[in-house]
Amino acid sequence: MSETKPVVLLAEELSPATVQALGPDFEIRSTDGSDRTQLLEAIVDAEAILVRSATQVDAEAIAAATKLKVIARAGVGLDNVDIKAATQAGVMVVNAPTSNIISAAELTVGHIVSLARRIPAANASLKSGAWKRSAYTGVELYEKTAGIIGLGRIGALVAARLQGFGMDVVAYDPYVTSARAQQMGVRLLELEELLATSDFVTIHMPKTPETLGMLGAEAFGKMKDSAYVVNVARGGLIDEDALYTALKEGQIAGAGVDVYVSEPSTDLPFFDFDNVTVTPHLGASTAEAQEKAGVSVAKSVRQALSGELVPDAVNVAGGVIDEQVRPGIPLIEKLGRIFTALTVDSLTSLDVEVAGEIAELDVKVLELSALKGVFRDIVSDQVSYVNAPVLAEQRGISTRLVTTTESPEYRNALTLKGALSDGQQISVTGTLTGPKQIEKLVGIGGYELEIPIAEHMIVLIYQDRAGVIGTLGSTLGQHGVNIAAMQVSRNEEGGPALAVLAVDSSLPAGVLDEVRDSISATTAREVDLSE
């Protein structure tokens, strides 16, 4: 019988390159995401869903999709995805934030050129049968001042392209340093000065309560009456009523708009002016941007369904994962599962300690991985990098990431230390050794050891004395359980001793109790790291 492949649901039409990027490891299904009934039926057994903007992946859809692990939006915005509901359900949400930046920058420049040379109005006039050369006299961009509000990825691309026209580029962005702006050949100004001196103003800010209506009546009053304003970023950054008034009263020379407060919009008052160019939200509407978006999220889906952290997932505190940190991700998740197996009471706090060379890097992902491991075997819900911190918060468990470059025994060491409600302290430590980066368990509580981590392990604490190892071998052997590796650790002769055994299979029912009784162990735990 062939192995069932994870179901990936395409809720909207995506490029062939997107399907190709997903690869052969998934069962690809398609549905009409805009048809609510179809969507809710099709999403039930999907592990991933890929959408554009027409599909509403809300709390109802997420609740229906009990196997869902990732929602992928092949584009930038996420207005059609309930991120809060997804996070609670442990579902990763990914998008393609850089897929359309070139397309958006080029459309911005297209609007600016169209406004300067009055191309749309002249085109419409000529096609209607009129030849009016003098009516459509424009202006050159050369040596004009372009003011860019928001010097992020798109703003920076616009700056580079406008410099090619010989424009003087200035910018307002409180989060960009003067040194960074100078590298781009851009002068930073305060917003009021930018508005007063610019011949073309283009805005590339995120939509927030602070930026909503940022270009309104007050801003238009500070601009030259010969200036043009362009918005291809987010609807609402320009106050649409104020824009109409400014155009009607001649406060500004014209405007180029691609995005609107309410979409679709087809009859806004300022559409009537010949000195306004409007487009129906075309910022990402190029074949290249669509393909980049699809391929980008397809790769993210592959990562998510293989259990990896997707660094730029919107509901995961990830970040770029350094190649030196990446091998520690599966190790610390296993340590989390070992930690849970040793825990007999509720956890109140957890420290994730990273020691050694990698402590100088961004290791936040290791805290997420540790929490994922800790909760994996104790909650019935799906546990992921997304909802593991939520599960900790819901249970009142305080977590802390502790780093130090000092690691006297190993190049790098990862430790989980937890306090239980009964006052006990539990800790487990692991490391990676050798060229093959072998995962090893090197510490439990105050005991030092070094044993490769196996799928099936037994952890015992007992009074150190002769004959225990033989008894363990005999007891397990009677039940057909083979010992693959074993390490014993003690801090003093005749005192408590720790034994960790790697075995080839899980223990039959009742055998762990028999092992405990055979050596009078005070602690006996089975660790099962198999899927």
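**View 1. Phenylalanine 273 is partly exposed in this predicted model**. Its relative accessible area is 21%. Buried would require a value under 20%, so phenylalanine 273 falls in the partly exposed class. Tyrosine 244 is also partly exposed, at 27% relative accessible area.

**View 2. Tyrosine 244 and phenylalanine 273 make a tilted aromatic pair**. The ring centres lie 5.6 Å apart, with 40° between the planes. This pair links distant parts of the chain, 29 residues apart. Tyrosine 244 belongs to helix α11, residues 240–248. Phenylalanine 273 sits in the loop between β11 (254–257) and β12 (276–278). The model holds four aromatic pairs by the rule applied here.

View 3. Is phenylalanine 270 buried or exposed? Phenylalanine 270 has 1% relative accessibility, so it counts as buried. Phenylalanine 271 counts as partly exposed, at 21%. Ring pairs join Tyr260, Phe270 and Phe271 into a cluster.

**View 4. Lysine 372 places its charged end over the ring of tyrosine 385**. The distance to the ring centre is 4.9 Å.

**View 5. Four strands build an open, antiparallel sheet**. The strand order is β20-β21-β19-β22. β20 (483–490) and β22 (523–528) stand at the edges. Each has a single partner strand, so one side of each is left without a neighbour in the sheet. From one strand to the next, the twist averages 15°.

**View 6. β19 and β21 pair over eight bridges**. β19 covers residues 456–463, and β21 covers residues 496–503. Their pairing is antiparallel. Which residue of β21 stands opposite isoleucine 458? The residue is leucine 501.

**View 7. Helix α13 packs on the sheet**. This helix spans residues 328–342 and touches β19 and β22. The direction of α13 makes about 145° with that of β22.

**View 8. Helix α16 lies across β19, β20 and β21**. Helix α16 comprises residues 468–478.

Notes: Residues numbered from 1 in each chain as written. Predicted model: local features only at pLDDT ≥ 70, side-chain atom pairs only at ≥ 80, totals over all residues. Heavy atoms only, no water. Pairing = 2+ DSSP bridges. Helix = DSSP H or I, 4+ residues; strand = E, 2+ residues; numbered from the N terminus. Axes fitted to C-alpha atoms, helices over the stretch in contact; angles between N-to-C directions. Contact = heavy atoms within 4.5 Å. Phe/Tyr/Trp six-rings, centres within 6.5 Å; stacked < 30°, edge-to-face > 60°. Buried < 20%, exposed > 50% of the residue type's maximum accessible area, 1.4 Å probe, protein only. Lys NZ or Arg CZ within 6 Å of the ring centre and 35° of its normal.
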